[in-house]
Amino acid sequence: MSVGWVRVCADGDLQPGETRSFLLPAESRGESTAGSPGDSVEGRSREPAGEPAGTVVALFHVDGQWLAVEDRCTHQAARLSEGPVVGAEVFCPRHAARFCLRSGRALSPPATEPLRVYEVRVEAGAVWVRPG
């Protein structure tokens with residue numbers, strides 16, 4: 001695996017349609033493992049414990065693809081991992097702003113700023129995310 005990639009879960013940990021949040025370390029110089037993910041239940045997850053020392057990222061398993069975005073609505077910082085997912089779009093649970101999970105683009109108000117999107121790879125039975 002390339003330097004800087006973070007292992008977030010095993011390939012079989014998330015079923016299609018499920019979402020999980022995890023803590024992406026603030027620094028990653030080599031291969032590492034993400035912080036404890038929330039427990040995934042029917043497309044919803046619980047917040048990782050404690051104050052994050054990095055970025056909380058939401059991982060989505062949608063239409064056979066792994067997609068990762070910062071787990072924070074750009075309108076009022078609600079947890080997107082707690083919102084409904086339709087196709088490759090996630091809705092903010094607070095004000096229903098809609099975002100494209102592939103590009104991060106804000107698709108409906110009240111959000112106007114895009115989400116940060118992360119590169120994801122599946123290798124050797126694990127799902128990896130590249131910070132930055």
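This is a predicted model: local features need pLDDT of at least 70, side-chain atom pairs count only at pLDDT 80 or more; totals for chains, interfaces and linings use all residues.
**Entry 1: Arg-72 and its surroundings**

I began with Arg-72 and looked for what it touches, skipping its neighbours within four places in sequence: it is in contact with Ala-77, Ala-78, Leu-80 and Leu-115. Next I checked where Arg-72 sits, and I found it in the loop between strand E5 (65-70) and strand E6 (85-86). Is Arg-72 buried, exposed or partly exposed? Its relative accessible area is 38%, so I put it down as partly exposed. I also looked up a pair: Arg-72 and Thr-55 are 17 residues apart in sequence, and their C-alpha atoms are 9.6 Å apart in space.

**Entry 2: the nonpolar cores**

Leu-80 turned up among the contacts of Arg-72, and I met Leu-80 again when I looked up the largest nonpolar core. That core has 17 residues, and those with the most contacts inside it are Phe-60, Cys-73, Leu-80, Phe-99 and Leu-101. Strand E4 (54-62) and E5 each supply at least two residues of this core. Which strand gives the largest share? That is E4, with 3 residues. My reminder from class: in soluble globular proteins, nonpolar side chains tend to be buried together.

I then picked Phe-60 and listed its contacts, again leaving aside neighbours within four places in sequence. Among them are Glu-18, Thr-19, Trp-66, Val-69, Leu-80, Val-90 and Leu-101.

**Entry 3: salt bridges**

How many salt bridges are there? The count comes to 6, and I looked up a few of them.

One of them joins the side chains of Glu-89 and Arg-98, at 2.9 Å from N to O. I checked both ends: Glu-89 has 25% relative accessibility, so it counts as partly exposed, and Arg-98 is partly exposed too, with 23%.

Then I went to Glu-119, which is partly exposed with a relative accessible area of 37%. Glu-119 forms a salt bridge with Arg-121, where the closest N and O atoms are 3.7 Å apart. Arg-121 is partly exposed at 33% relative accessibility.

Glu-119 also forms a salt bridge with Arg-130, and here the closest N and O atoms are 2.9 Å apart. Arg-130 lies in strand E10 (residues 126-130) and Glu-119 in strand E9 (residues 117-123), so this pair ties together parts that are 11 residues apart in sequence. Arg-130 counts as partly exposed, at 32% relative accessibility.

Key. Residues are numbered from 1 along each chain as its sequence is written. Side-chain values use heavy atoms; hydrogens and water are left out. Helices (H or I, at least four residues) and strands (E, at least two) are DSSP runs, numbered from the N terminus. Buried means under 20% relative accessible area, exposed over 50%, partly exposed in between (1.4 Å probe, protein chains only). Contact means heavy atoms within 4.5 Å. A nonpolar core is a set of buried Ala, Val, Leu, Ile, Met, Phe, Trp, Tyr and Cys residues joined through side-chain atoms within 4.5 Å. A salt bridge is a side-chain nitrogen of Lys or Arg within 4 Å of a carboxyl oxygen of Asp or Glu.
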